[in-house]
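Colleague: Please place the model before us, so that we may go through it in questions and answers.

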Amino acid sequence: MTFSLPSLPFSPGALAGRGMCQETLELHHGKHHQAYVNALNGLVDKNDALKGKSLEDLVRMAHGRDDLVAVFNNAGQHWNHSFFWNCLSPAGGGVPGSLEKKLTADFGGVDKFKEQFKAAALGQFGSGWAWLILGSDGRLKIAKTANAGTPVATGEGKPLMVLDVWEHAYYVDFRNRRADFADNFLAKLANFEFVAAQLAAA
Ligand code: FE2
């Protein structure tokens, strides 16, 4: 086995009081994410050119390659989900002062940042991801990617936060209400301490 499912950084029931129930996490982490890891390992096992490469190398190598679509999809989904779990916290929602300053400088305020991030989450037609990225010019940006798309593939900046907007991320808790899911994430789940720590280390 080349790749393995990372443990959640909290217990599967830890977010139940904050809008993400244990069933969601057991399905999303234990079934969906595990399936991407299993599929990726199966693909690597069958192709010597893929063996021994890091996850990031596989994402970049497979990006845009018609013969490696399944590799890109499963490697991208493994990377994105592994990152997503770190963007959730049982103590989420609070924005540290250092990050508030940067959000205000680049978006005009925390609320304006949240509006733009939510717009990206809602504007992604079908399955995908909404991102906060540190651009190479030092400014924060909002982005969205479809399906398994990831900034890791394009090197367009350093990912700081992501929200999974595939239906499997919110259907148990919010049914079809993606807007409520995004609002809840920003208010109660987003691990802005993790965002601030990555920004400080960048
Ligand atoms: Fe997902």
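**Aromatic rings**

Colleague: How many aromatic pairs does the structure hold?

Modeller: Residues are numbered from 1 along each chain as its sequence is written, and side-chain values use heavy atoms, with hydrogens and water left out. The model is predicted: local features need pLDDT of at least 70 and side-chain atom pairs count only at pLDDT 80 or more, while totals for chains, interfaces and linings use all residues. Rings of Phe, Tyr and Trp (its six-membered ring) pair if their centres lie within 6.5 Å; planes under 30 degrees apart count as stacked, over 60 as edge-to-face and the rest as tilted. On that basis, the structure holds 15 aromatic pairs.

Colleague: What is the angle between the planes of F84 and W85?

Modeller: The centres of F84 and W85 are 5.4 Å apart, and the pair is classed as tilted. The angle between the planes of F84 and W85 is 45°.

Colleague: How many residues apart in sequence are the parts that F117 and F185 tie together?

Modeller: The rings of F117 and F185 are stacked, at 6.1 Å centre to centre and 25° between the planes. F117 is buried at a relative accessible area of 0%, and F185 is buried at 1%. Helices (H or I, at least four residues) and strands (E, at least two) are DSSP runs, numbered from the N terminus. Because F117 lies in helix 5 (residues 110-123) and F185 in helix 8 (residues 178-189), the pair ties together parts whose separation in sequence is 68 residues.

**The sheet**

Colleague: In what order do the three strands of the open sheet lie?

Modeller: Two strands pair if DSSP finds at least two bridges between them. Strand 1 (residues 128-134) runs antiparallel to strand 2 (residues 140-146), joined by seven bridges, and strand 1 pairs with strand 3 (residues 158-164) in the antiparallel sense over six bridges. The strands of this open sheet are therefore arranged, with antiparallel pairing, in the order 2-1-3.

Colleague: Which residue in strand 3 stands opposite L132?

Modeller: In strand 2, L132 has I142 as its bridge partner. I133 stands opposite K141 in strand 2. In strand 3, the residue opposite L132 is M161.

Colleague: Is strand 1 largely enclosed by the rest of the structure or left open, and how many of its residues are buried?

Modeller: On one side of strand 1, G128, A130, L132 and L134 are buried, and on the other W129, W131 and I133 are buried. Strand 1 is largely enclosed by the rest of the structure, because the number of its residues that are buried is seven of the seven.

**Two helices**

Colleague: At what angle do helix 1 and helix 3 pack?

Modeller: Contact means heavy atoms within 4.5 Å, and among the residues that meet are L25, H28 and Y36 in helix 1 (residues 22-45) and N74, F84 and W85 in helix 3 (residues 69-86). Axes are lines fitted to C-alpha atoms, for helices over the stretch in contact, and angles run from 0 to 180 degrees between N-to-C directions. The axes of helix 1 and helix 3 are 9 Å apart, and the packing angle is about 140°.

Key: Buried means under 20% relative accessible area, exposed over 50%, partly exposed in between (1.4 Å probe, protein chains only).
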